[in-house]
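Q: Could we go through this model together? I would like to begin with the ligand and then turn to the helices.

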Amino acid sequence: MAELPIDLSSSNLFDVLYTTRAMRRLKPDPVPDDLVVKILEAGTRAANGANLQSWHFVVVKDAAIKEAVQVWYKKAFDEFVSPRYADNPTPAGSTAEKYHRQHLAVEYLTDHFHKAPVWIVACIQHDNPLIPPDRKAGASIYPAVQNMLLAARSLGLGASLTTRHLIFEEESEKALELPLGMHSYAIIPIGYPMGNFGPVGRGDLREFVSLDRVGQPWSALDKA
Ligand SMILES: Cc1cc2nc3c(=O)[nH]c(=O)nc-3n(C[C@H](O)[C@H](O)[C@H](O)COP(=O)(O)O)c2cc1C
């Protein structure tokens, strides 16, 4: 299927969407607060269940907190992510070489997680009975997370959605000093990117989309 042409300098929504990749190599230079505020404003424009807004966003700049969390983020990499990497199949839309480069970037972010100048930790307060901590809960925070990733991209900032700290959830949330009942769903490290933005590579839509019933092809996708 044909790819849409991409303009890297454009702020057109589709150009931003098509170039919002996980940017894991970040400069340590500080990010101005007004840009972080802009990102948070974009995040809180997202849909959330019943508009309850049980979310909370912790802007973390404190080096000691970031370092304490990075210990668990790295332990999860060393004990779970890295040993499994070699057995994982190459993702759709990628190549063995690109996947290897991705792994190196993942390792880089792991080692430099705490060096990102600012994190946004996206949380939900779990004591609201209308938002039980079940399969739906993330649907009230990940739209905000995606809005923030898009906003960061649009402002020329690199960011990525990370959840690996949750492998050691209790320890990481203690390091984050979250109050009782509040739980983290993502940590978004943000900074100026070392590299360039580029197109997001994914598989052909026909691999993921069916018409009416799973497995039934949709001819519209052949023409696109
Ligand atoms: C639920 C979820 C959890 C993720 N957790 C991490 C993470 O802990 N560390 C990381 O480096 N990337 C993480 N990612 C980013 C993905 O690895 C990334 O989207 C994928 O490698 C594709 O990269 P691309 O968007 O640059 O194409 C996560 C993404 C999602 C959706």
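Q: How do the residues of the shell around the ligand divide by class?
A: The model is a predicted one. In it, the shell around the ligand divides into five nonpolar, four polar and three charged residues.

Q: Which residues are around the ligand?
A: They are Arg21, Ala22, Arg24, Gln102, Val106, Leu109, Ser160, Leu161, Thr162, Thr163, Arg164 and Val200.

Q: Let us change topic to the helices. At what angle do H3 and H4 pack?
A: Helix H3, residues 63-85, packs with H4 at an angle of about 165°, and their axes are 10 Å apart. Because angles over 145 degrees count as roughly antiparallel, H3 is roughly antiparallel to H4.

Q: And is the crossing left-handed or right-handed?
A: H3 passes H4 in a left-handed crossing.

Q: Which residues meet there?
A: From H3, the residues are Tyr73, Lys74, Phe77, Val81 and Tyr85; from H4, they are His103, Val106 and Thr110. By class, this contact of H3 with H4 has five nonpolar, two polar and one charged residues.

Q: What about Thr110, buried or exposed?
A: Thr110, which lies in helix H4 (residues 96-112), counts as buried because it has 20 C-beta neighbours inside 10 Å. Leaving aside residues up to four places away in sequence, Thr110 touches Tyr73, Lys74 and Phe77.

Q: How far is Thr110 from Lys75?
A: Their C-alpha atoms are separated by 9.3 Å, while the two residues are 35 residues apart along the chain.

Q: Now the other helix pair: how do H2 and H5 cross?
A: The axes of H2 (residues 33-43) and H5 (residues 142-154) come within 7 Å and cross at roughly 140°. The two helices are therefore oblique to each other. H2 passes H5 in a right-handed crossing.

Q: Which residues form that contact?
A: Lys38, Ile39, Ala42 and Gly43 of H2 meet Ala144, Asn147, Met148, Ala151 and Ala152 of H5. The residues of this contact divide into six nonpolar, two polar and one charged.

Q: Is Ala151 buried or exposed?
A: Ala151, in helix H5, is counted as buried because it has 22 C-beta neighbours inside 10 Å. Not counting residues up to four places away in sequence, Ala151 touches Lys38, Ile39 and Ala42.

Key. Residues are numbered from 1 along each chain as its sequence is written. This is a predicted model: local features need pLDDT of at least 70, side-chain atom pairs count only at pLDDT 80 or more; totals for chains, interfaces and linings use all residues. Axes are lines fitted to C-alpha atoms, for helices over the stretch in contact, and angles run from 0 to 180 degrees between N-to-C directions. Helices (H or I, at least four residues) and strands (E, at least two) are DSSP runs, numbered from the N terminus. Angles under 35 degrees count as roughly parallel, over 145 as roughly antiparallel, 65 to 115 as roughly perpendicular and the rest as oblique. A crossing is left-handed if the near helix is turned anticlockwise from the far one by less than a right angle, and right-handed if clockwise. Two residues are in contact if their C-beta atoms, placed from the backbone, lie within 7 Å. Ala, Val, Leu, Ile, Met, Phe, Trp, Tyr, Cys and Pro count as nonpolar, Asp, Glu, Lys and Arg as charged, and the others, Gly among them, as polar. A residue is near a molecule or strand if its C-beta atom, placed from the backbone, lies within 6 Å of it. A residue is buried if 20 or more other C-beta atoms lie within 10 Å of its own, exposed if 12 or fewer, and partly exposed in between; C-beta atoms are placed from the backbone.
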